Every structure is written in C-alpha cells, then in structure tokens.
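Trainee: I've just been handed a structure I have never looked at before. Could you walk me through it?

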Amino acid sequence: QVQLVESGGGLVQAGGSLRLSCAASGRTVSSYHMGWFRQVPGKVREWVGSINWSDDRTLYADSVKGRFTISRDNAKNTVYLQMNRLKPEDTAVYYCAARSRGHVQYDYWGQGTQVTVSS
C-alpha cells in the first residue's frame, strides 16, 4: 500500500511555472511506476506523463512535451511535475498515481491539486 498526497497547485499567469509534488508514504516511490494525470470537470482524465520505476525513463503526452518535466527524489520519497510555459488549457486538477510492477492499471491515486492558468 502507498498513500499519495499532491501539493503545489495554484493560480498562475500564462507563461508562468509551477512545480507539483507528490509525496508518498507507506512504500517507496522507487518501487512504482509513477504517473501524472489531469482532469477538467466533464472531461475524461488525461495522462500527462510518467516515470519508470527501474530506470527513471520518462514519457510525456504531446500536449506537454517540452514544457513539463517529471522527476523523482527517492530520498524524499517524492515525485515532481515541473510545469513551465503554462497555458490556459493546462488548467485542471492534477493527480499523481502509482502503478505496481507488472500491473497495467494504476493502483493508487492522490486526491489531486488544482492548477489554474489565467490568460
């Protein structure tokens, strides 16, 4: 079992930056494939990116590639989502999630943090 808590959301102007944190407890994040997702009310949850548990390889959705960066600090048991050059369309609730080795679906989810980008 792992518990995930996101923080760092807020209101920012277009072109600005935010860094979201996902603090884990219960198990180390290095044991999991970690992902970031976002959701706008009334829309399907969207995958933003992920970081591999074994080699820290990252993947990103086309919509954020080149602007967002995922990283992991195993000593702090925390995963980060650095968001630069934010756009109004990045406005959403952002969630982190953990997927156990060998699993296809994400097993654990945080409660989400709101990011609002004003134009």
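Mentor: Let's go through it by question and answer. It is a predicted model, where local features need pLDDT of at least 70, side-chain atom pairs count only at pLDDT 80 or more, and totals for chains, interfaces and linings use all residues. Residues are numbered from 1 along each chain as its sequence is written, and side-chain values use heavy atoms, with hydrogens and water left out.

Trainee: What is the order of the strands in the open sheet of four strands?

Mentor: Strands here are DSSP runs of E, at least two residues, numbered from the N terminus, and two strands pair if DSSP finds at least two bridges between them. β1 (3–7) and β7 stand at the edges with a single partner strand each, so one side of each has no neighbour in the sheet. The pairing is antiparallel, and the order is β1-β3-β8-β7.

Trainee: Which residue is the bridge partner of L4 in β3?

Mentor: β1 and β3 run antiparallel, joined by five bridges. In β3, L4 is partnered by A24.

Trainee: With which side chain does the side chain of R72 make a polar contact at 3.0 Å?

Mentor: A polar contact is a pair of N or O atoms within 3.5 Å; within protein, one must be able to donate a hydrogen and the other to accept it, and residues adjacent in sequence count only if both atoms are side-chain atoms. A polar atom of the R72 side chain also lies 2.7 Å from the backbone oxygen of N52. The side-chain partner at 3.0 Å is D56.

Trainee: How does T28 count, given its relative accessibility?

Mentor: T28 lies in the loop between β3 and β4 (33–39). Its relative accessibility is 40%, so T28 counts as partly exposed.

Terms used: Buried < 20%, exposed > 50% of the residue type's maximum accessible area, 1.4 Å probe, protein only.
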